[in-house]
Structures are given as structure tokens and as C-alpha cells.
Amino acid sequence: MRLTRTSDLWWKNAVVYCLDIETFADTDGDGCGNIQGLIQRIDHLHRLGVTCLWLMPFFPTPDRDDGYDIIDFYGVDPRLGSLGDMVELIRTARDRGMRVIADLVVNHTSAQHPWFQDARSSRDSRYRDWYVWQDEPPADGPQGVVFPDQETSLWEYDEEAGQYYLHRFYKHQPDLNVANPAVRDEIARIMGFWTELGMSGFRVDAVPFLIETAGQDDASALPDPHDYLADLSAFLRRRNGEAVLLGEVNLPYPDTMAFFGADDGGGATRELTMCFDFIGMQHMYLALARGDAEPLAEKLRIRPDPPEDGHWATFVRNHDELTLDKLSDSQRQEVFAAFGPDEDMQLYGRGLRRRLPPMLDGDQRRIRMVYSLLFSLPGTPVLFYGEEIGMGEDLSLPGRFAVRSDMDWDATTEQQADPDSLLNWMRLLVDSYRACPELAWGRSSYLDPGPEARPVLAHRCDADGASVVALHNLAGADVDAAPVLPDLAGTQLTDVLDPRAKPVPVAEDGRLAITLPPYGCRWLRSADGVALPS
């Protein structure tokens, strides 16, 4: 089997870095980051090995939800810079081999958006049907409040409009009506606009909510919402054949797979290019809490393979709370007890408003092992700004803002020249990931680590006659692992993360006997042209 690697599948082995311009780098001392600050700091990202910048919302906003309440999808918030600055950023990133993607937040707008202000003024407004209105909240409408500490209903009565409008999120963020063809066309125009300015795609916010039609009149007669997502994908591919749609879909694996779409041979029904692996992430934290790899291994073994032109996106943290909503109540309490026992560390009873290093008590062995796991697992790794230097949260900030504090450039400077720093470990992981194409492009399998090695996650990735075997010890004690690799019997495996280390032999019976120290990790590679397992 030989895999075809083409430049328009650049995201298959990308390193994605998410940042908020507002909190990343401030050049004028006004306390707010700006685009020029990001441009001045872009070489830090280049040295780290980032190949794709994901920008959180930078559009004009009243800023009641950290920029996710937008009043103009075609502009840049003047606090951050101008359209000219954005074009300069995209060009500068390209010069360093980085693509740029933007948050596509089109499930809702700000209530201050001119569309909504016009819509609420009259039932005859051309924008009235751009939002979802009802005389009374329907019994068969959508259920579930996203922010239970702030909202008690998904419907808000508007005195001027004389009707209720739907808002999946805050009441100041009315939902757009994607069943309206005019709204669909406008979303395509927004995507087309930013693509013309050089964007290489979008991270699509709240995808299941975006295509939801519950609560609308004659919902059963509306077009299949997945067809709409496929239309958006096809539009984007026509504009830029290498562009990516990275979807926020926090659903069980079978439901998430539907958002990749189907392939009719011409890709016409392809939907999202990548979906975040929320299930794997949540069970990773359960495994860390238990010091037992099995909760994660169990989920990875059943994780469906994405389409050939699709991929999973893997992550340790993101810009929201660390959601644990797909764990059982008892499992969630295990993670809370281990990593967020104080009520102030928890959010909505479903997640943690913490970053990884404080959750692991600053233990560098555990922190480094977790990021080694991230870069070795099948999928495109996504970093959240500050992870490369071990930034912690600021619990004095409200809600999810605890993990969105200002980038710590002093810590970055301290770690630059220290060969043993976390920053240089992360650079090594990125370099190693890029040097082992089988991790991104290969076929993965999960190995039995041996009868005495339950804390160890053992997996391998194979492509084009090369193999990487990765082992990660989630326990705080030495563990003897012994996975069996019949096709590698008698070979010598090189240590990817420490090329100076002696090669590791695979016994003639195919057994790889290796002792992992507490929270130890190894990437062992064979590139001897061995046959791939059937």
C-alpha cells in the first residue's frame, strides 16, 4: 500500500496553533493585543514548527462573549487592527510556511448586528426571516441551555419585534435561520470574502447547532441540513481546492462521522474536512486520573477511521472549558477529584476551567508525556496558545476566561535558551512528528502492552514500509511493557525522541520488551521496508 501525499492535503500532517489576537501580543501598551503584535511574534511560532494559525474571532464586536458576538462578518475589530493588517499577517505567515484559518461563527450574530436590528423593527423587514421567530416557544423546539448559569431558556421575547427569537447561546446572540436560502448565500459570501484575502479555511463553530432546524415552522419539510453543509464545503473547494473546514462537533463517534459526509466518487457530498476528537480527549483525562491507559485505549480502538480525504483533529486543551460531558457522572467526578476538586475550578458541572500544567501539579514528566501522546496519536495535533510554555489558568477571571489570559512572553524568553525547557521539548515533538510521516498518513493499530502493563498505551502507525511504535506510561511507577510485533521480529528500532539512544531490539518471537519509567514515553521506529500487517 502506498499513500498519495499531495499539497492540497496539507492539513493531514499540519501543526495547528489556536490563538486570540486580543490576548497574544500588545504592541502599543493599551492592554489589548493586536495584529501587528502577532506579526512581530510570528517567528516564535515558526521556530515551534506551527504550520497553521487558527485565529479566534477578530471581527467587530460589542465583546460580550469574547468576540463570538459579531456585528460585521466582513471587517476587523478596530481595537485589533485593520483589513490591511490582516492581509499583511496572512502574507507574513505564508512567507514562513504557515496557513491561516479563521473562526466561522455563523450560528448566531450579536443582537447589535444591523441584520437583527432591522429584523426586529418590522415583520416586513427583509431580514425578518434571517432569524428564528415564534409567537410562543414551541414544545417541539430545541432543548438544552448551553450556559445554565446565565440563561434559563433558549427563547427570548423581544418587545419591539413582538415575538420570541431563538438563541442557543446567550440572549444577546440570536440564532441565524440557516433554512433561509438568503442566509445560506450570505454565509457563502462571507467564506468567499475571507478566502479571497488569503484564508486557507475555517474552524466552524458549534456545527450541530448551526445546521439545527428544530423549532422552526414546518421543520420536517425543510431540506436536509447536512446537504447544506455539503454545499458549503463544495463552494469552498471551488474557491480554494486546498481549503479546510475544521468542525467543532462534540458528539459520540457515530454521530460525529455523519459530519464528514459521504463520498459519491466526486466528493460532492463531503462535508467537514476534520472533526475534533472530543471523545478521545475526555477519556484521556479519565485515563490520566486513574493512571490507567485502558479508558483511552478502549475509545481509540472503536474510533472510526475518517474518510481518506478527512482527518481527526486531536487536542489536549482548547479555548473553552475542558468539557467532560461525554463521561458518565461517576467518571466525571473521578476527573474532578483528580484535577479540579475545588468548585471554583469547575464550570456548569460538566467541565473544568483549568489548563493542563496546574492540573498535573506542574509535574514535567506527566506534562511532557501528555504532549508526546498528542503528537503520536493519529490525527492532526491542535495546540492552544501558551501550551508550549506550560501556561496555567487564571482562576480570578470569570468562567472560560480563566484559560484565555494574556500570553506569557516572559516565560517564553526564559525557556528559549534552556535545552531542558518544555518549549524545547515541544519543538522536539513537532520536529519528530513531521519527520515520521507514518504518524499522520499511516494506518494505526492499538497493541496489547502486556499482562503487567495496563497503565501503558501502546500503538503503532504504518505507512510505506515504515513503522512507529509509541508507548506511554500513564502511571507514576516503572512499568514493564511487552507488546508483540510479529512482522518486526529480529529488527532494531531507533528512538525517535532520542537518536543518541541505543537501538531497541525486537526479539525473534516478535516481543518488544521495554521498561518505561514513571510517566515515560518512547517513539520507536523501523524504516527497514518491513511488510505492513494485513
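Visitor: Why is Asp28 called exposed?
Guide: Good place to start! This is a predicted model, and in it Asp28 has a relative accessibility of 51%. Exposed means over 50%, so Asp28 counts as exposed.

Visitor: Where is Asp28 found?
Guide: Asp28 lies in the loop between α1 (21–24) and α2 (35–40). Together with Asp26, Asp30 and Asp406, Asp28 forms a negative surface patch.

Visitor: What makes that patch negative?
Guide: Its members are Asp26, Asp28, Asp30 and Asp406, and Asp counts as negative.

Visitor: And Asp103, is that one buried or exposed?
Guide: Asp103 counts as buried, because its relative accessibility is 1% and buried means under 20%. You can find Asp103 in strand β3 (residues 99–104).

Visitor: How do you know that the count of disulfides is zero?
Guide: A disulfide needs two cysteine sulfur atoms within 2.5 Å. For Cys18, the closest cysteine sulfur belongs to Cys52 and is 10 Å away, so that pair is too far apart for a bond. For Cys461, the closest one is in Cys436, at 9.6 Å, which is also too far. By this rule the count comes to zero.

Visitor: Why are Cys18 and Cys461 called buried?
Guide: Cys18 has a relative accessible area of 2%, and Cys461 has 1%. Buried means under 20%, so Cys18 is buried and Cys461 is buried too.

Terms used
Residues numbered from 1 in each chain as written. Predicted model: local features only at pLDDT ≥ 70, side-chain atom pairs only at ≥ 80, totals over all residues. Heavy atoms only, no water. Patch = residues over 30% accessible without salt bridge, like charges linked within 9 Å, V, L, I, M, F, W, Y side chains within 5 Å. Areas by Shrake-Rupley, 256 points an atom, 1.4 Å probe, with all protein chains shown as cover. Salt bridge = Lys/Arg side-chain N within 4 Å of Asp/Glu carboxyl O. Charge placed at Lys NZ, Arg CZ, Asp CG, Glu CD. Helix = DSSP H or I, 4+ residues; strand = E, 2+ residues; numbered from the N terminus. Buried < 20%, exposed > 50% of the residue type's maximum accessible area, 1.4 Å probe, protein only.
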